[in-house]
Amino acid sequence: MEKVGIHKRDIMVDRVKVARDTQQEAKEQFLTAMEHYKSVVNFEGGDLERAYNRFNATLQKSEAKAAEVRRRIKAVEEVSGALFKEWRAEIRQYSSEELRRSSQRQYDLTRQRYTDLMAAMKQAEAKLEPALVPLRDQVLFMKHNLNAQAIAGLKNEVVVVQANVDSLVRTIEQSVAQADAFIASWEAE
């Protein structure tokens with residue numbers, strides 16, 4: 001991309017923005033999945049199979065969004081690895097000690113911001129599976145027990161599923177805030 005005038009720095013910022021936006025979308029998708037789950041658990045008549053199908057479709061969308069979050073984080077890691085490797089090599093090329101030190105300070109600061117960003121993103125990524133597991137279990141249970149009495153028995157599980165989704169949402173919000181700070185710091189330079 002640099003051969004056509006797009007620098008690694010710009011690519012990295014763009015990928016961080018996309019990863020941030022994807023995490024935000026994943027948060028919304030998990031909140032929707034939780035709403036659909038609650039609507040099935042609190043089912044009060046009508047077409048139970050239709051409610052199950054809607055919840056199952058929402059779970060599938062949540063799975064896809066989680067996979068997309070993972071891909072986006074990996075894309076940030078790939079470009080950042082190349083960027084930091086190139087930057088380190090270029091720091092050694094300075095003949096001016098003052099410029100070398102200045103570039104090294106900027107590198108160190110940026111590297112620390114990046115490390116903080118990736119820690120937040122990885123923490124959010126790590127919460128995806130714990131939020132998906134109980135949702136998968138509930139869909140599977142409903143698939144085999146599609147009757148109102150069995151569904152009513154799931155009400156006790158709502159608290160556990162909600163806790164996992166809430167934890168994921170909080171962690172994603174922290175990661176998004178970290179991404180915003182990282183982007184702002186790069187755009188200010």
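**View 1. Contacts of Y37 in the predicted model.** Leaving out residues up to four places away in sequence, Y37 touches F55, Q138, M142, L154, E157, V158 and V161. A contact is counted where heavy atoms lie within 4.5 Å. The model is a prediction, in which local features need pLDDT of at least 70 and side-chain atom pairs count only at pLDDT 80 or more, while totals for chains, interfaces and linings use all residues. Residue numbers start from 1 along each chain as its sequence is written, and side-chain values use heavy atoms, with hydrogens and water left out.

**View 2. The largest nonpolar core.** This core has 49 residues, of which M12, V16, F30, Y37 and M121 touch the most other members. Two or more residues each are given to this core by α1 (8-41), α2 (48-91), α3 (97-144) and α5 (158-188). Helix α2 supplies the largest share, 13 residues. A nonpolar core is a set of buried Ala, Val, Leu, Ile, Met, Phe, Trp, Tyr and Cys residues joined through side-chain atoms within 4.5 Å. Buried means under 20% relative accessible area, exposed means over 50%, and partly exposed lies in between (1.4 Å probe, protein chains only).

**View 3. Surroundings of R20.** R20 is found in helix α1. This arginine counts as buried because its relative accessibility is 18%. R20 touches M121, V176, A179, D180 and I183, with residues up to four places away in sequence not counted.

**View 4. Position of R54.** R54 lies in helix α2. Its relative accessibility is 47%, so R54 counts as partly exposed. From C-alpha to C-alpha, R54 and V40 are 9.1 Å apart in space, and they are 14 residues apart in sequence.

**View 5. The whole chain, for orientation.** The protein has five helices and zero strands, in the order α-α-α-α-α from the N terminus on. Helices (H or I, at least four residues) and strands (E, at least two) are DSSP runs, numbered from the N terminus. The C-alpha atoms fill a box of roughly 75 × 30 × 25 Å along the principal axes. Of the 189 residues in the protein, 40% are buried. Among contacts with a separation of 6 or more, 84% are between residues 24 or more positions apart.

**View 6. Charged side chains.** The protein has 30 positive and 29 negative side chains, and the centres of the two sets lie 3 Å apart. Lys and Arg count as positive and Asp and Glu as negative, with His and the chain ends not counted. Each charge is placed at NZ of Lys, CZ of Arg, CG of Asp or CD of Glu.
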